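Here's a quick look through one structure, taken a piece at a time. Have it open as you read.

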Amino acid sequence: MTHPRLSAARLPGWLAADLPTAPTGIVHIGLGAFHRAHQAVLTQEAMRVEPGPWGICAVAQRNGRLVDALVEQDHLFTVTERGAEDDRVRVVGSVREVLLAAQQPDRVATVLAEPGTRVVTITVTESGYRHDPTTGRLRVEDPDVAADLAGGSPRTPVGQLVGGLRRRRERGHPGLTVVSCDNLPDNGRLTGRLVREFCAHRGEHDLVDWINGHVRFPSSVVDQIVPATTEADLAHVAEVLGLEDRAAVVGEPHRRWVVEDDFAAGRPAWDAVGVELVADIGPHQAAKLRLVNGTHTALAHLGLLAGCTSTADALGRPWFAHFAERLLRTETGPSLRRFGLSPDEHEVEALLNRLANPRITHRLDQIAGDALRKVPQRLLDPAVDLLVAGIEPRLICLAVAGLLHQQDFPVLTLPLPLRESRVFRALLADAVRRIDQLGVEATLRRIGRS
């Protein structure tokens, strides 16, 4: 059965009346499923509590089909919140404009420079920042970065951001706030450093001075499982709503956002809808990366070797469930003590229940992508803290050994403390040998009996 396309004209009156109609105040770089399920929803909820000019102009990097779909749907889309037992489908209208950076570079710069734009949010994944994870420096040898530095139409998020800030300064408009929402340590400080470094490479030192005085780069932590949308998901939305949505997203009901409270020119009433505004992002960041992302990564690299396809598939197997619980309770959880944190029984159980949600298909191959950028902060940093505390990171080493086997032994750069640790090197070598000789499941069974 075919259904008409989702649009403002076709929405039932009770739904249309509930959508915000505010002008744009936020530019989002990196239009993807996570932004639509997370920041776009929280911004819509904030505007319901406290109306204001906080509509979103969302900038896609290369996904022209998504941009076309949203334009055809008056920028509306659905978010299905999929719990373990039931679904909730909502229509989101906080996105007011969508752009394709590759084809509309001038419009991207213009909207970034408009005086009404007061916040920029970013979700472009770890690799989108085009930086060296070891040094934190801009990779100027990257072809797209080099083209941006040479003055071409910006191909990278940093280049796009600098282009907008340059135009903003030239027009005498006030400053704004740039909020990175990607899983990177100190993501705000990293973004600010890359922006300033880009300007310095171009000799734009006056622009650096203006940025220092007018732009804020608070760090943030986001948490929500948003798997890739399937054809079955699209069919379900059409059945529930009676309208076809080609930009539909699905996510778990859990949604968390923690942001450093450092804004240059105002913000939506995010704090009224559960967003946490904090002075120090460090503990929240470490907990998210180590507990949530660390468990994801460990399950991905070991699970793929065992033929698992999703986190729920892996945790449905007793030995994997036992491994994940022990990883949280005895290693990644205790590694947070230096931040003054100690996850309790409820937190561990709640996280395992989220990851085991049988109705959320969070694919392990998706999680395992770009692993060499993710593993250091998710698994290697906690291993360093455990060794300092006199605890052997055996389960972390097993997860790292899974990565080495799963990706055919890539070059993995270890932090200096791990390179110099005989204990870590011996544990990792033993884990590699066990998986090589016994396979993953037999190795996990042995751990379960120990």
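Predicted model: local features only at pLDDT ≥ 70, side-chain atom pairs only at ≥ 80, totals over all residues.

What follows is a short tour of a sheet, its helices and some aromatic rings.

Start with the open sheet: it has 5 strands, ordered S5-S2-S1-S6-S7, and the pairing is parallel. At the edges you'll find S5 (95-100) and S7 (177-180); each has a single partner strand, so one side of each is left without a neighbour in the sheet. On average, neighbouring strands here are turned by 20° against each other, direction ignored.

For a look at one pairing, go to S6 (residues 119-122), which runs parallel to S7 and pairs with it over 4 bridges. Within that pairing, Val119 sits opposite Thr177 of S7.

## Helices on the sheet

Helix H3 (residues 39-49) packs on the sheet, where it touches S1 (24-29), S2 (55-60) and S5. The direction of H3 makes about 170° with that of S2.

Then there's helix H4 (residues 64-72), which lies across S2 and S5. Relative to S5, H4 runs at about 145°.

## Aromatic rings

How many aromatic pairs does the structure hold? There are 2 aromatic pairs. One of them joins Trp257 and Trp270: the ring centres are 4.7 Å apart and the planes stand at 50°, so this pair is tilted. It links distant parts of the chain, since Trp257 belongs to strand S10 (residues 256-260) while Trp270 is in the loop between S10 and strand S11 (276-278), with the two 13 residues apart. Trp257 is buried, at a relative accessible area of 1%, and Trp270 is buried too, with a relative accessible area of 1%.

Trp270 also pairs with Phe263: here the centres are 6.3 Å apart and the planes at 55°, so this pair is tilted as well. Is Phe263 buried or exposed? Phe263 has 17% relative accessibility and the cut-off for buried is under 20%, so Phe263 counts as buried.

## Arginines over rings

Elsewhere in the listing of ring contacts, Arg36 lies over the face of Phe77, at 5.8 Å from the ring centre.

Note on methods
Residues numbered from 1 in each chain as written. Heavy atoms only, no water. Pairing = 2+ DSSP bridges. Axes fitted to C-alpha atoms, helices over the stretch in contact; angles between N-to-C directions. Contact = heavy atoms within 4.5 Å. Phe/Tyr/Trp six-rings, centres within 6.5 Å; stacked < 30°, edge-to-face > 60°. Buried < 20%, exposed > 50% of the residue type's maximum accessible area, 1.4 Å probe, protein only. Lys NZ or Arg CZ within 6 Å of the ring centre and 35° of its normal.
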